[in-house]
Amino acid sequence: MVTSRMAQLADLDIETPAYVYDELFMEEDITAARKVLEPTGARLLLAMKAFSFEAGLRHVAPLLDGLHASSVFEARLARRVLETGVVHTTTPGLRDADVAELARLSDRISFNSLGHVRRHLPAVTGLTSPGIRVNPGLSFVPDERYDPAARNSKLGVPVNDLATAITRTPAAVEGIEGILVHDNSESTRFADLLEVVEVLIDRLDPLLRQVRWVNLGGGYLFSEAHDNELLERAVHVLQDGYGAEVLFEPGLSLVNRAGAVVTTVVDVFRSGGKDVAVLDTSVAHVPEVFEYRWAPRAVREYGCHRYVLAGGSCLAGDLFGEHCFEVPLDVGTRLVLGEVGAYSLVKASWFNGIALPTVYARAPGGELTLQRRFTFDDFLTLNRGLPA
Ligand SMILES: Cc1ncc(COP(=O)(O)O)c(C=O)c1O
């Protein structure tokens, strides 16, 4: 739900476009996830791919058991912000050149393929705890682009292939100490998770007996599920049956509600029989709006004045959907696009030379602190070659 706390952002003295992350909402959503996990004893990491602004990570790090990284840079950042807690890393794009550094930075690395295991296990042994990402082959997500178990998925070793490989050559997984599965997106059904765990038990019992930890990934909205007893069953069967330490590494569920884009209307006109309001932000600041064709919620969105909200770039499809407002929009009107904390700033680009949004932190007491203003120098740094 878009809250009045977020609506206040439209009235505050703030440079736009702005990306505001609300420390209170992050604290609340992490605490809520911890509460859901409490009866299970499972550990909670945050997936940095959803949110990696350093000051925000520092703020929430004490509430977490660690961070999940997908690259060397994320792993370096994780190490900078964590005083305690573990770094878990996985990527299908593991480069030979990065293996040694990732092994030093990460407490645990999940290899994405048996080829990874063959090529890199010897080099990481002793530096990190090696695991393997398994694709359980269960598709819960209708949109293939979000479905980690889609046909021909690149994400993890297909569970049946792994089971066959282990039966034929048990040495194929010698030295593997953990399993990662991440097989869902925005799910509110822990029934899905239990199904995943049942597949692991059915197909990979010998490997489960060997490993020390099982990371069950992200993809669940912890505060919105109603079948928590199935979550508890899924975790307990791994802990009690196999003595495994169990972890989760959600992203969206922990940071999405906390992030808003505050924007100003820069033009209003009619086009094709509809009122269009052009904004000083763009889908380049919230790329998933364009990639996945969803409309972010605009705060104070009720009433009968209907507008197409359009981003300010040249892209025809730079649109935020149609929204109805209580009052007519005018040049200078402030709007707040709510619940865009995850996968926005991390994916934002400089398309059209429009500066990235100014970043503010909002403290639990409500005060805003300017964290970062992007300037022409930043744009130049990105676009300038090496000195001759
Ligand atoms: C391996 C892994 N872990 C965790 C996550 C976080 O997922 P979410 O933000 O849906 O919770 C992802 C998302 O792509 C992922 O690939």
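Does E27, with 15 C-beta neighbours inside 10 Å, count as buried, exposed or partly exposed? E27 counts as partly exposed, because 15 C-beta neighbours lie inside 10 Å. A residue is buried if 20 or more other C-beta atoms lie within 10 Å of its own, exposed if 12 or fewer, and partly exposed in between, with C-beta atoms placed from the backbone.

The model is predicted: local features need pLDDT of at least 70, side-chain atom pairs count only at pLDDT 80 or more, and totals for chains, interfaces and linings use all residues. Residues are numbered from 1 along each chain as its sequence is written.

**View 1. E27 in helix α2.**
E27 is found in α2, residues 23–37. Helices (H or I, at least four residues) and strands (E, at least two) are DSSP runs, numbered from the N terminus. Leaving out residues up to four places away in sequence, E27 touches L63 and P364. Contact requires that the C-beta atoms of two residues, placed from the backbone, lie within 7 Å. E27 and V340 are 313 residues apart along the chain, and their C-alpha atoms are separated by 16 Å.

**View 2. The two sides of helix α6.**
In α6, residues 114–124, the buried residues are H116, V117, H120 and V124. These residues lie on the same side of α6, because they cover an arc of only 115 degrees around the axis. The arc is that of the directions from the helix axis to the C-beta atoms. An α-helix has 3.6 residues a turn, so residues three or four places apart point the same way. G115, R118 and P122, on the other side of α6, are exposed. The packing partners of the buried residues of α6 are α5 (99–105), β5 (108–111) and β6 (129–135).

**View 3. Helices α8 and α9.**
The axes of α8 (residues 190–210) and α9 (residues 228–242) come within 8 Å and cross at roughly 10 degrees. That makes α8 roughly parallel to α9, a label for angles under 35 degrees, whereas those over 145 count as roughly antiparallel, 65 to 115 as roughly perpendicular and the rest as oblique. Axes are lines fitted to C-alpha atoms, for helices over the stretch in contact, and angles run from 0 to 180 degrees between N-to-C directions. Residues of the contact include F190, L194 and R209 of α8 and N228, L231 and Y242 of α9. By type, the contact of α8 with α9 has 13 nonpolar residues, one polar and two charged. Ala, Val, Leu, Ile, Met, Phe, Trp, Tyr, Cys and Pro count as nonpolar, Asp, Glu, Lys and Arg as charged, and the others, Gly among them, as polar. R209 counts as exposed, with 11 C-beta neighbours inside 10 Å. R209 and Y242 are 33 residues apart in sequence and 5.7 Å apart in space, C-alpha to C-alpha.

**View 4. The shell around the ligand.**
The ligand is surrounded by 16 residues, and the closest are A47, G218, P250, G251 and L252. A residue is near a molecule or strand if its C-beta atom, placed from the backbone, lies within 6 Å of it. The shell holds five nonpolar, nine polar and two charged residues.

The peptide bond from T16 to P17 is cis, with omega near -5 degrees. P17 is found in the loop between α1 (4–7) and β1 (18–22). N152 has a positive phi of about 60 degrees although it is not a glycine, and N152 is exposed. E186, in the loop between β8 (178–180) and α8, has phi near 50 degrees.
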